[in-house]
Amino acid sequence: MHVIDRIDDARLRDLCGRGEFFWLDLTAPSDDDIRHLGELLGLHPLAVEDSIHFGQRPKLDVYGDNALLVLQGGREQKPEDQNEQPLEEIHLYLSGAWIVTLHRDRFDDLERLRAQLEQSAAAKSEQYYVYKVVDAIVDSFFPILADLDEEIDDLEDAIVAGAKRRQLEEIFRLKRLLLRLRKAVVPMRDVFAREADQIVDLAGLEADSRDYFRDVYDHLIRITDELDSYQEMITSCTDLYLSTVANRQGEVSKQLTIVASVFLPLSFLTGFFGMNFDWEVDHVLKGPWLFLFLGIGSMLVSVAALWWWFHRKGWTGRDD
């Protein structure tokens, strides 16, 4: 199979004339490039219009002897690119004579596949090459899932160590990311569940094995299941965060209650001595030592008694 990464009219016409199968992979084609490619390969005007205006839902549209398959691929995000779109929309034009892939940005998985196919000398069926391109796009989600697994584990550890606002922000970010990924994967799963046989039946596409596209469908099922499990894990992280915050608030409330309880008898004693100070000076407090014993001593005894009571009840230590 011939692998091409730019529009070369003479070469494309030559390959089509000789009936040799090729894969044309274009990155960031202009609207004029897409229209010209449509005229060169005889693409349906509606399919060309869809590729000019990206933002299509994953779908499969069959137009006679060729088809337009819209898929979403996953792009791994670096720490500095957390706010970037993790998905890449890819348009695949399929026929018995060629594969054409269009995408707005560079897609590393397709570049690796191109290098692999260029170095491979073994001839395969056209259906196999279609499968390899589709499979590379679908499998691009697995590195993202692996990163998500590690991020959720780290998030759980951070929440247990001490729930902070940044953990709550991370929970919301992961929820949004999972929602975007699921909105991309579920429609692709539905397409291959209902319409994969239409790819196999395209005119001129050499039949090899329907197991190829069944394998793609199995991968999509696996990805969907993992996304659902991660969604449940994020929900558990939310519950863990709320529980940790509630426990911390309970600990603070307990400490404040202890402080208030300590000062309650002290307030009573100071109020009692303050209201009866003249009488106490004349009848009770006969010297500084008696003042210290009754005044300061009663306060110290009350605090010590309360502390002993709190310690006996287990209220003075943190619950680990």
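Helix H2 (residues 31-41) lies across strands S2 and S6 (98-103) and runs at about 170° to S6, where angles are taken from 0 to 180 degrees between the N-to-C directions of axes fitted to C-alpha atoms, for helices over the stretch in contact, contact being heavy atoms within 4.5 Å. Helices (H or I, at least four residues) and strands (E, at least two) are DSSP runs numbered from the N terminus. The structure is a predicted model, in which local features need pLDDT of at least 70 and side-chain atom pairs count only at pLDDT 80 or more, whereas totals for chains, interfaces and linings use all residues. Residues are numbered from 1 along each chain as its sequence is written, and side-chain values use heavy atoms, with hydrogens and water left out.

The six strands of an open sheet follow the order S1-S2-S6-S5-S4-S3 with mixed pairing, a pair requiring at least two DSSP bridges. S1 pairs with S2 (residues 22-27) in the parallel sense over three bridges, and Val-3 has Trp-23 in S2 as its bridge partner.

Of the 14 residues of helix H5, 13 are buried, that is, under 20% relative accessible area with a 1.4 Å probe, protein chains only.

The protein chain has an average pLDDT of 81, with 78% of the residues scoring at least 70; pLDDT is the predictor's confidence in each residue, from 0 to 100. Confidence is highest in S6, at 92, and lowest in helix H9 (residues 277-283), at a mean of 57.

How values were computed:
Buried < 20%, exposed > 50% of the residue type's maximum accessible area, 1.4 Å probe, protein only.
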